[in-house]
Amino acid sequence: MKSCLVVDDSKVIRKVARHILEGLSFEVREAADGREALDACLDSPPDVVLLDWNMPVMSGMDFLRALRETAIPDKPKVVFCTTENGIAYIRAAIEAGADEYVMKPFDRETLQSKLQIVGMA
């Protein structure tokens, strides 16, 4: 079973994403900010991370940069999931190491297609 870490400071978004991902046969873990997410990845790296941009403690971009600098051998795929839709944001995310980008709000079909693009569905 593939695993996904859902990283978002919104409990509602985490719950919606969990429901969709479990329906796609993912094992799901959650983190409320980038620091929690980094600790979770170091402890047991998921196959894919669904990552919010704007969070307290450690932002999505800071998490992504920190993740890419770790010694984790098989780094998870990262799908940014955010309301930030400017081309500059998307470019910055991809340059920082994101594999794909999905806009909020998202539905099952949209998320599934993004996961397929990164080889996870």
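**Notebook: fold and aromatic cluster**

I started with overall size: a compact globule of 121 residues would have a radius of gyration near 14 Å, and the protein chain agrees with 13 Å (taken over C-alpha atoms; the rule is 2.2 Å times the number of residues to the power 0.38). This is a predicted model, where local features need pLDDT of at least 70, side-chain atom pairs need 80 or more, and totals for chains, interfaces and linings use all residues. Numbering runs from 1 along each chain as its sequence is written, and side-chain values use heavy atoms, without hydrogens and water.

Next, the fold. I get five helices and five strands, in the order β-α-β-α-β-α-β-α-β-α (DSSP runs, numbered from the N terminus: H or I of at least four residues for helices, E of at least two for strands). Buried residues come to 48% of the 121 (buried is under 20% relative accessible area, exposed over 50%, partly exposed in between; 1.4 Å probe, protein chains only).

Then I looked up the rings and got three aromatic pairs (Phe, Tyr or six-membered Trp rings with centres within 6.5 Å; planes under 30 degrees apart are stacked, over 60 edge-to-face, the rest tilted). Trp-53 and Tyr-89 sit edge-to-face, at 5.1 Å and 80°. They are 36 residues apart, with Trp-53 in the loop between β3 and α3 and Tyr-89 in helix α4. Trp-53 counts as buried because its relative accessibility is 10%; Tyr-89, at 35%, is partly exposed.

Phe-80 and Tyr-101 make a tilted pair, 6.3 Å and 45°. This one joins strands β4 and β5 across 21 residues, and I find both residues buried. Ring pairs tie Trp-53, Phe-80, Tyr-89 and Tyr-101 into a cluster.
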